[in-house]
Amino acid sequence: MSPRRPPVCLTIAGSDSGGGAGIQADLKAFAACGTHGTSALTALTAQNTVAVTAVHPVPGAFIVEQVRAVVDDLGVDAVKLGMIGSPATAAAVAEALDLVPAGVPVVVDPVMVAESGARLLDPEAHDALVRLILPRATVVTPNLPEARALAGDATLDGAELAAAVRALGPAAVVVTGGHRDEATDVFQDADGTTLIPGPRHPDGAAHGSGCTHASALAAHLAHGHAPLEAARAARRVAAHAVAHGLRDLGTGAGPVDVLDVRSRTAPGA
Ligand SMILES: Nc1ncnc2c1ncn2[C@@H]1O[C@H](COP(=O)(O)OP(=O)(O)OP(=O)(O)O)[C@@H](O)[C@H]1O
Ligand SMILES: Cc1ncc(COP(=O)(O)O)c(N)n1
């Protein structure tokens with residue numbers, strides 16, 4: 001009997017040279033959640049735990065080609081979208097999404113600002129993100145400041161905030177809780193609002209927590225789980241990655257570690 005085909009996840013996102021966030025975090029989360037990870041890069045960042053020192057956008061046609069190469073051969077069971085950067089990249093990503101078969105879930109992490117403070121979404125790209133990308137999302141996963149920026153109202157919170165984001169077109173929203181004292185995620189879909197609480201790990205490291213969360217959510221959708229169930233699992237996976245975060249690496253915001261590498265030895269050793 002041949003072994004079972006694992007679900008295939010595709011991240012369309014930026015590269016973080018420091019290995020904390022972006023596609024590096026996404027591929028680790030996909031693997032940790034029992035899926036095969038594939039990637040289409042939107043931008044390369046020269047980045048560490050302290051700063052983003054340079055960004056090199058990938059030409060739009062090459063973004064589309066990467067997605068085509070994956071879809072045509074391996075097939076895709078869920079997509080995770082991360083850093084978009086510019087209006088031109090948003091347009092290319094929208095074109096690339098047309099290559100993904102209808103019904104394949106798409107998780108959108110509307111990355112705006114790196115944990116180190118660098119802007120990763122041009123202000124002019126905001127409209128393109130809202131117009132071209134959000135309506136195609138199965139689940140969108142903003143953190144609190146991102147959700148308020150999308151809603152255009154810095155006073156909103158809780159179910160009202162999630163509803164304002166959902167009005168932009170995604171089927172479901174998770175406002176992630178890393179910027180709150182309790183780290184409770186707020187999930188909302190057509191059936192209503194559900195709080196997803198869990199332990200907060202104040203002594204961990206959280207650079208890449210949002211990428212890890214969105215990728216774990218996509219992986220659970222690829223396994224066939226419903227969005228709320230996938231969001232609950234993603235909260236657990238992200239919190240575990242924060243708890244095992246490598247705060248002793250670099251001098252700034254340490255990378256999350258979804259694989260808990262300190263507990264491992266090299267296979268064969
Ligand atoms: N200190 C923490 N302890 C437990 N869970 C956490 C902590 N920080 C974040 N999380 C969880 O990690 C997930 C990502 O949330 P967060 O709000 O940090 O995203 P983000 O700000 O987009 O992350 P990023 O740092 O990648 O920008 C959520 O499920 C959130 O509850
Ligand atoms: C390429 C890339 N994508 C996403 C993030 C956001 O992650 P964080 O907010 O943890 O820095 C990042 N820093 N770099």
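Which strand gives the most to the shell around ligand 2?

## Model and confidence

The structure is a predicted model, in which local features need pLDDT of at least 70 and side-chain atom pairs count only at pLDDT 80 or more, while totals for chains, interfaces and linings use all residues. Residues are numbered from 1 along each chain as its sequence is written, and chains are lettered from A and ligands numbered from 1 in the order in which they are written.

The chain has a mean pLDDT (the predictor's confidence in each residue, from 0 to 100) of 96, with 100% of its residues at 70 or more. For the complex, the predictor gives an ipTM of 0.97 and a pTM of 0.97.

## The shell around ligand 2

Strand 1 gives the most to this shell, with 4 residues. Strand 1 (8–16), strand 2 (36–47) and helix 7 (209–222) each supply at least two residues; helices (H or I, at least four residues) and strands (E, at least two) are DSSP runs, numbered from the N terminus.

Of the 18 residues around ligand 2, the nearest are Gly14, Ala21, Gly22, Ala114 and Glu115, where a residue is near a molecule if its C-beta atom, placed from the backbone, lies within 6 Å of it. The shell around ligand 2 divides into 7 nonpolar, 9 polar and 2 charged residues, with Ala, Val, Leu, Ile, Met, Phe, Trp, Tyr, Cys and Pro counted as nonpolar, Asp, Glu, Lys and Arg as charged, and the others, Gly among them, as polar.

## The shell around ligand 1

Ligand 1 is surrounded by 24 residues, of which Asn143, Thr176, Gly178, Gly210 and Ala238 are the closest. Helix 7 and helix 8 (227–243) each supply at least two residues of the shell around ligand 1, and by class this shell holds 8 nonpolar, 12 polar and 4 charged residues.
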